[in-house]
Structures are given as C-alpha cells and as structure tokens.
Amino acid sequence: MHKTPQVNEVNEFIEIASDFEDPLEVIREALSNSYDANATQVDINIEQDDEGRNTLVIKDNGHGMDEDDLSSFFDLGNSNKNDAIGYKGHGTKIYYKSDKVRVETVKDGTRIESVMNQPWAKLNNRELPTYSIDTTDVDEPSRTRIEVHGFRAGQGFDPKQLTYNKIEHYIKWKTIGGSTAWYFNDDFHEMEIKVELSPSIDDTQDPIETDNRLKFPAENLDPDGEFVAEEMCKHYPPQELTVTLDDSRELTVEVVGMVGGKEARNKLPTYGKHSAQFGIWLAKDHIKVERYNDAIGADNEFFHFFFIANCQGLELSANREKIRNKSGDVYQAITDELDRFMTKVCQDSWYQNYIERRKLEDKKRSIQSQESTLEERLQRTRDEGGLSPSNPAEVIAALERYSANGAPETVRIADFQMDDEVNAILETDNGFENAALHVKLSDFFEEEAALSHIDRLICWKLGDLDALTKIERSSYLGEPIRFDFQSREVHYGGDTKRTIPILELADSVSS
Amino acid sequence: MVSFDIVAEAGEARRGQLRINDRTLETPHLFPVINFYGGGNEGALFGGGVHRTVKEFLTHDNEITGGEDYSDLFRGVMTSISSLADYGIREKKLDWYLGNEIREWDCFSDYNGMIFADSGGYKILKQGGLEGQDFEKDIDQDKALDIQLALGPDIVVNLDHPIHPDDEFEERIEKMEQTAANAARFAERRDEVDGACYLTVHGYYEAMLERSFDLIEDELSEPIPEAFDGIALGSLVPRKDNVEILVEAVSDCKREMQQRGYEDLPLHVLGISGNAMPLLVAVGADTFDSASYLHQAINGKYCVNLFETVPIDEANFDSCECRVCNDDFHRARMRNEMEDLYQKDILGSVAAHNLAVQQRELRKFRQLIAEGDKERVAEYLEEAVKDQKGFRKFAYQLINERINPYFEEIDTTYA
C-alpha cells in the first residue's frame with residue numbers, strides 16, 4: 001500500500017506568509033510582480049489611518065490577470081510563471097497578513113474584482129480564507145490594482161519606520177528597481193516606479209520617482225587637484241563570463257561594476273552604513289542577493305568596489321535573502337570565475353594608480369594635519385613661555401632642562417618605556433630610582449596606577465588638585481593617601497607608610 | 001661559431017635559435033640538469049640511481065626507453081663541475097673523468113645535444129672547493145674553467161659568487177666584485193673556448209642588476225657583447241617560489257640589457273624551471289636549467305602539470321599526453337608492475353615524464369610566439385594559471401601591464 005503525505009494547508013499559508021519579516025519585502029514583491037506583468041509604470045502608496053491601520057495600494061499597467069492568474073496569485077506553490085522573478089508562488093502570500101485583500105485587474109477586455117476578507121484572522125482561526133470573483137467586460141487597457149488593508153508584517157508592520165531614503169535605498173539595492181539587466185540587454189524592459197507615503201509617515205520629501213536601472217556615478221578617471229582620490233571613479237563595463245561545469249553545462253555570469261573613492265560612491269543611492277553595501281554582489285534576475293567579497297582577496301579593501309555578478313544558476317531562498325545552492329558545484333564554478341575576473345580588476349593599471357594616489361593623498365593629509373598640529377604646539381609653547389609638555393617624552397625634555405639649569409640635584413633618564421606604569425628609570429645623585437613620569441600628576445592617579453615600585457613621581461604640573469584631594473578623602477587602591485602639595489610629597493599606606501617625593505618641573509624650568 | 005637569432009616575437013616573449021658550432025637549439029628551452037659522472041665506472045654508465053636511468057633516456061638505451069627516442073627532451077643539458085665530486089670519489093677517478101670529454105666516452109658518444117657546463121659557483125663557494133674522498137681542491141676561476149673545458153662543453157660560464165637575499169649590502173658588493181673579477185679573467189681566456197661563453201649577473205631588481213653590470217663592465221677590457229655570447233642571471237634559487245620576485249628580476253635584467261645594448265644576447269635563468277617558466281618567457285627569458293624534474297621524481301612526485309604534482313601511485317597516466325605515459329612499458333614501470341624493478345627504473349620513467357611536461361609547455365609556448373600574437377600568449381598564460389589562486393595575481397598583473405591590458409581597450413558607453 002502506498003500513502004501520500006498530507007500537507008496542513010492552513011499551517012503552510014501561515015508559514016509562508018510569516019517567512020517575510022521585513023516590511024520592505026512587500027515593495028520588492030510588488031515590483032517583481034509588476035515587472036513580470038510587463039508593466040511600464042508601477043505606483044505604490046502606503047497609508048496609515050488615525051487608528052494605525054495600514055493600507056498598501058499597488059497599481060501597475062501590466063498585462064493584468066485572468067482567472068487562472070488570479071488563482072496563482074492566491075494559491076500556494078502554484079505560480080504559472082516560468083522564467084520570471086517570482087516562480088515559487090510564495091511572494092504574494094505576504095499579503096495574507098492583513099484584514100482584507102482587494103484585487104482589481106483588467107486583462108484582454110475582462111475586468112475582475114476579487115476580494116478576500118480577513119485572511120490573517122481566518123488562518124489563525126485554522127480556516128482557509130476564500131476570495132470572491134466578479135467578472136465584467138470592459139473597454140479599457142490592461143492594468144492591476146492591489147489593495148492590502150490592515151497589512152502587518154514581521155513583528156507588526158510599522159510604516160513609521162519607513163522613510164523615503166530607506167525605501168529608495170531598498171528599491172535600488174534589493175529589488176528589480178536596482179536592476180543591472182539594462183547593461184546587458186538591448187531589449188531591456190524599462191519600468192517607472194513611484195512610491196508615495198502618506199504625510200503622516202514621512203513628509204520630509206517628495207514621493208520617490210525612479211526607474212529600474214541601477215546607474216553608477218559618472219566616471220572620473222583622472223581628476224585635477226591635490227586631493228582627488230575620493231572623487232575618482234572608473235566603470236568596468238558589462239562582461240559576460242562563461243562558466244563550464246564538470247558535466248559540460250555552461251553558465252553565463254554577467255558582471256558589471258565600478259571602483260571609486262568615497263565621494264564617488266556616495267553618489268549611489270545608498271542609505272545607512274556603507275560597509276554593508278559595497279563590495280562584490282552575487283545577483284539573480286539582476287537583483288543583488290549576497291556579497292562575495294572574497295573575490296577581491298585579502299590585499300584589497302572591499303569598499304572601493306561595487307560589482308554585481310548576475311547568474312541565473314544561483315538558487316535563492318523563498319524570501320530571496322540568501323543563496324541556497326552554496327554547497328553545489330554551480331556556486332563553486334561561479335565564484336571561481338568571479339575570483340579570476342576580480343583578480344584582473346585588481347591588477348588593472350587604473351585601479352593600482354587609484355590605490356597609490358589614495359595612499360599618497362592620505363599621507364599628504366597626515367602631513368598637513370601634522371603641520372597644523374605643529375602650529376598649535378608652537379602657539380601653545382609661545383603662550384606657555386617656552387615649554388609645555390603634552391606627553392611623557394616632552395617631560396623628559398623638561399627634565400633635561402631642569403638638570404642643566406643648575407637644579408639642586410641632577411636627574412637623568414637612564415631608561416624609558418612608554419606604556420609601563422614605572423615608565424622611567426632615573427639616574428640621580430643618589431643612584432638609580434624607579435619613577436613614574438607624567439605630564440600631570442593627577443593623570444597618574446586617575447589611571448589608578450600602582451605605587452608599589454615607585455621611588456619618585458615626576459610631572460610637569462600637579463594638574464587637577466581637586467581630583468587629587470578627592471582621592472585623598474576616599475582612599476587610593478584601598479590604602480590611605482595624603483598629598484602634601486607644599487613639600488611636594490605623597491604619603492601612602494596604612495601600617496607601612498611610604499613617602500614618595502614629587503618633582504614638579506614647571507616652576508623650576510620656567511624660572 | 002656562436003649565433004643567436006630571434007625568429008619571432010610576441011610582446012616581450014621571443015623565439016630564437018641558438019647555434020653553437022653545428023648544434024642548434026630552439027628557444028625558449030629548458031636545460032635539464034644531468035650528472036654525467038655519478039661516481040661510477042664507465043661500464044656502469046657512470047653511476048647508478050635515477051641519475052643513471054635519466055642518462056639511459058638521454059643515450060637511447062633501448063632496454064630502458066622501450067625503443068622510443070627521447071632525445072628531444074635532452075637537446076640541451078646542464079651539468080655542473082661541482083657534481084663531479086658528488087659521490088665522494090677519489091682524486092684518481094676525478095682525473096680519469098677529466099681525461100676525456102663527455103662525448104669521447106663510448107656511452108655518451110651518441111649524445112648530440114648541447115652541453116652547458118656550469119661553474120658550480122653556489123656549491124663550490126659553499127663548500128670552499130671540490131672535495132672528494134682523498135682530496136680537497138680550491139677552485140678559482142682558472143681551475144673552474146680548466147675543469148669545464150675538460151668536459152667538452154658547448155657553453156661555459158664564469159665562476160660566480162651568488163648573492164643571497166639576506167646578504168648585507170657590503171657582503172653583496174664583495175660578492176659582485178669577485179664575480180666581476182672572475183668574469184674579467186674568464187674573458188681573457190675566451191679564445192680557449194670552442195663554444196659559447198656566458199656571463200653571470202646577479203640581482204633581484206634593477207638597481208642591483210645595474211650595479212652588477214657596472215662592476216663587470218669596469219673590470220672588462222672590452223664591451224660585454226664582444227667577450228660574451230650570453231647572459232646568465234643567477235642567485236634566484238633562494239627565491240624560486242616567489243614568482244613576483246622572479247618576474248621582476250628577469251624583467252629588470254632584460255631592461256638593463258636593452259639599455260646597455262645587449263638585447264641580442266640570449267638570457268639564461270640559472271636554476272629555475274616549473275611554474276614560473278611561462279611568465280619568465282613572457283618577459284623575455286630564453287633558456288633555463290633545473291634539476292626539479294629529477295628531484296620531484298626522487299621524492300615520488302609525478303607532475304600533473306607545471307603547477308601540480310601527485311604521489312606517483314595516484315597518477316592518472318590516461319590524462320597525460322606525453323610519450324612516457326602513453327607507452328605501456330613505462331606505465332608498467334611507473335606502476336611497479338614488472339618483475340625485479342629497481343626504484344631507479346620506476347623513478348627514472350617518472351623523471352622523464354616530469355621533464356616531458358616542462359618541455360611540452362615550452363614547446364607550446366614556442367609555437368605561440370611563432371604566431372606572433374600577443375593575445376594568444378596572454379590567453380595561454382591566463383588559462384595556465386586559472387586555478388592557481390596565489391599565482392594568478394602575478395600572472396594577471398604581468399598580462400595586464402606587459403602584454404594585453406584587460407580593461408583599457410573596452411568601450412565604456414553602455415546600451
């Protein structure tokens with residue numbers, strides 16, 4: 001006897017609809033469907049009423065749907081699209097997370113109005129929602145209008161989190177709106193996209209009006225000027241790489257990209273952290289999916305690059321967020337070929353020149369900043385009457401002057417280790433001493449450095465006397481401490497008391 | 001009579017014909033290193049082991065070669081005077097070896113390829129001379145040349161003092177000065193050589209090579225092209241695995257030669273072969289020498305191509321086009337399927353195969369250069385390194401900068 005495994009349909013719908021967590025995915029789904037319907041115009045409106053209910057309205061002038069198409073729209077796993085962006089029949093199920101879905105569509109002179117009421121409530125009530133169909137003959141061009149009332153996605157769809165720049169970035173980075181197909185196809189299917197948010201969501205700018213071409217900033221191969229590397233930009237024109245698999249199957253990888261400095265890259269429609277956006281993208285349907293920055297090797301920094309490598313041999317997870325055939329030979333062959341191509345880009349003379357120029361300019365900037373720091377130091381030194389240490393090394397210089405200017409004793413640095421708590425070994429009239437040497441004495445105590453091995457404290461100035469007094473009034477590393485500013489001494493310890501002399505250089509050297 | 005004619009060029013790669021007396025060698029070419037005297041007697045074909053089997057290939061010993069002629073693998077061979085004492089021989093035997101030129105021994109009388117007799121600078125200077133069981137000989141330029149000439153060579157080279165990448169500057173200069181002094185003494189005895197005289201230069205980049213050439217020119221009483229027939233670039237063995245350094249050294253040496261007007265002289269790269277060879281040919285190297293084919297075999301390694309080796313028992317002979325692998329006799333030997341096989345018989349066939357792989361690549365390259373098409377040369381190089389991740393970067397850099405830029409020619413106006 002053979003038995004057929006059963007599917008719990010309600011749970012399946014809930015699962016699939018819940019796969020889509022990001023509210024922006026509704027925009028991707030809408031654009032993909034409109035593109036597959038050959039639309040040249042698609043308008044998306046997102047509104048929120050006073051009671052917080054969300055309504056999405058998606059309109060396009062594509063070829064519309066007949067009853068079969070509408071079945072695919074509502075059915076699960078029953079897409080009638082073969083080589084289109086959506087082919088699993090999962091995407092539109094995101095709309096089930098709503099209070100009502102209304103579809104109005106015209107195809108070949110037939111208008112269908114279809115309504116599904118309370119899909120999400122019914123599913124959660126273990127009931128499959130139904131939809132109505134009303135058909136009329138009309139004399140108007142094909143189109144589709146989808147209304148999704150009371151839409152919720154992920155943890156609850158909050159349109160207030162949406163902003164125009166976030167949506168624009170998403171369209172160009174994650175949807176067909178950022179397609180690179182136009183670089184490769186002469187008969188490219190262009191689509192105008194308009195997204196409007198109700199003013200209660202974002203009133204900071206006009207609605208988004210864009211097309212479905214991802215364009216690079218203009219080339220700027222060799223700009224004039226002293227600091228120009230950030231503006232430099234080179235396009236690496238579309239190339240079709242052929243990948244042959246072990247079983248002789250051939251795949252095509254369509255690569256296009258640019259290399260450029262920060263200013264050039266900022267002209268791309270990006271939002272948020274750049275580190276998450278640049279690099280080498282693997283794409284399917286010319287929509288970016290995942291980055292594969294390994295292709296540029298460890299010698300190069302990925303953020304100079306923005307390349308898109310499209311291959312239809314990649315297989316994606318239902319929500320298009322991940323490549324799911326990574327362990328297969330197809331993925332391996334694609335990435336191997338991409339590695340080779342990107343090695344060529346990295347060996348391109350222009351790129352090498354760009355990197356060199358960038359390094360040189362960074363160096364120049366550092367010199368300029370050094371110059372300005374030098375000027376500041378000079379000014380400070382003038383103001384302070386000749387010497388004003390800002391680090392331990394300069395305190396050593398002050399100490400040299402102190403000893404040379406007929407001080408009561410000679411103190412010389414015998415050894416100095418910048419980061420040690422006991423950073424100096426002194427040679428004094430009384431032999432060698434361990435010392436802590438700081439610009440301000442208060443810095444030493446604020447760092448809570450141990451006093452155990454210190455014979456003497458040397459500073460340019462005592463620093464913040466209040467901070468020292470505060471320490472004196474509590475304790476220092478669990479032991480009593482007293483600062484005698486008059487006689488320049490620190491008295492430290494409970495049962496075994498120690499007195500540590502302080503050498504303050506500012507007054508002795510200046511006078 | 002010595003002549004070197006360039007018959008075709010593709011970019012900086014060139015195909016040439018090196019004629020020395022009545023022998024001609026098509027370049028680029030690899031001189032496999034041969035130890036003619038393996039410490040043995042004449043009857044034992046001068047020693048045993050894999051060295052002996054390789055010589056049996058070289059001299060068409062039918063029992064060993066299975067009746068096939070493998071002489072094309074040995075059109076030119078390199079032998080070093082330092083190898084004479086490899087087996088701790090007695091002085092009497094050394095004198096006996098040097099009593100006849102190589103081709104005067106019956107067992108080598110059929111060998112008609114070119115013999116490049118190296119002065120063995122690296123080994124001799126490391127050991128302080130030639131050392132056998134009952135003798136120690138200090139070797140200077142005159143003694144080295146005497147021994148080289150006793151072998152009856154077609155090409156000889158001055159005794160050099162190879163530099164090392166870790167040498168301090170002063171140490172390097174001292175070695176270069178000694179090499180230059182040797183070169184001058186070598187040039188004085190030019191008339192004693194009935195063949196080609198090569199001059200060694202040393203350095204890893206232009207400034208070093210410039211100094212090496214300058215020091216030699218200062219010592220010589222005549223221009224380099226009048227005293228020498230070829231340039232041999234040395235000291236690269238410690239850097240043999242760093243293709244970037246090798247390419248830079250050969251490329252800079254070529255540039256120096258061009259600037260000084262020596263570009264018509266053949267450039268030999270001492271001690272290098274294998275995966276770097278195609279790239280070095282691409283920047284203008286003409287000949288190479290190496291014992292790697294032999295050392296790989298001795299270590300049980302079978303070359304799949306220029307980049308990869310596998311243990312001999314994992315080798316797939318069906319996927320190799322060489323004659324050794326397509327001969328059932330050698331297959332049976334390499335698989336150790338015949339009775340009473342010595343290790344030298346197994347590994348000797350492997351060594352011949354390994355050499356065939358390298359010679360085959362150079363033959364392909366010669367054909368490509370003959371077509372004079374830079375793009376085909378670039379394609380060949382690209383294909384050869386496509387799966388070599390670490391190597392690829394340098395190969396692509398070379399192709400991009402020196403042969404065929406990847407992106408500059410492409411129209412950047414889109415649809």
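A residue counts as buried when its relative accessible area is under 20%. Glu361(B) has a relative accessible area of 10%, so it is buried. The model is predicted.

**Glu361 and its helix**

Glu361(B) belongs to helix H13 of chain B, which spans residues 343–371. What does Glu361(B) touch, leaving aside neighbours within four places in sequence? Its contacts are Leu306(B) and Tyr380(B).

**The sheet of chain B**

Chain B holds an open sheet of eight strands. The order is S4-S13-S12-S11-S10-S9-S6-S5, and the pairing is parallel. Which strands stand at the edges? They are S4 (29–32) and S5 (76–80) of chain B. Each has a single partner strand, so one side of each lacks a neighbour in the sheet. From one strand to the next, the twist averages 25°.

One pairing can be followed in detail. Strand S12 (residues 267–269) and strand S13 (residues 287–290) of chain B run parallel and are joined over two bridges. Val269(B) has Phe288(B), in S13(B), as its bridge partner.

Helix H7 (residues 206–219) of chain B lies across S10 (196–202) and S11 (230–234) of chain B. H7 runs at about 130° to S10(B).

**Cysteines**

A disulfide is a covalent bond between the sulfur atoms of two cysteines. How many disulfides does the structure hold over all chains? The count is zero. Cys253(B) is in no disulfide, and the nearest cysteine sulfur, that of Cys197(B), is 18 Å away. The cut-off for a disulfide is 2.5 Å between sulfur atoms.

| Residue | Relative accessible area | State |
|---|---|---|
| Glu361(B) | 10% | buried |
| Cys459(A) | 0% | buried |
| Cys253(B) | 0% | buried |

**The interface of chains A and B**

The contact involves 20 residues from chain A and 18 residues from chain B. Between them, the two chains bury about 1,900 Å². Carbon and sulfur atoms account for 56% of that area.

Which residues of chain A lose the most area to chain B? They are Arg340(A), Lys344(A) and Gln347(A). Together they make up 35% of what the chain A side buries.

Charged pairs also cross this interface. Four salt bridges are found between chain A and chain B. Arg340(A) forms a salt bridge with Asp387(B), with the closest N and O atoms 2.7 Å apart.

Technical notes. Residues numbered from 1 in each chain as written. Chains lettered and ligands numbered in written order. Predicted model: local features only at pLDDT ≥ 70, side-chain atom pairs only at ≥ 80, totals over all residues. Heavy atoms only, no water. Helix = DSSP H or I, 4+ residues; strand = E, 2+ residues; numbered from the N terminus. Buried < 20%, exposed > 50% of the residue type's maximum accessible area, 1.4 Å probe, protein only. Contact = heavy atoms within 4.5 Å. Pairing = 2+ DSSP bridges. Axes fitted to C-alpha atoms, helices over the stretch in contact; angles between N-to-C directions. Buried area = accessible area lost by both parts, 1.4 Å probe. Salt bridge = Lys/Arg side-chain N within 4 Å of Asp/Glu carboxyl O.
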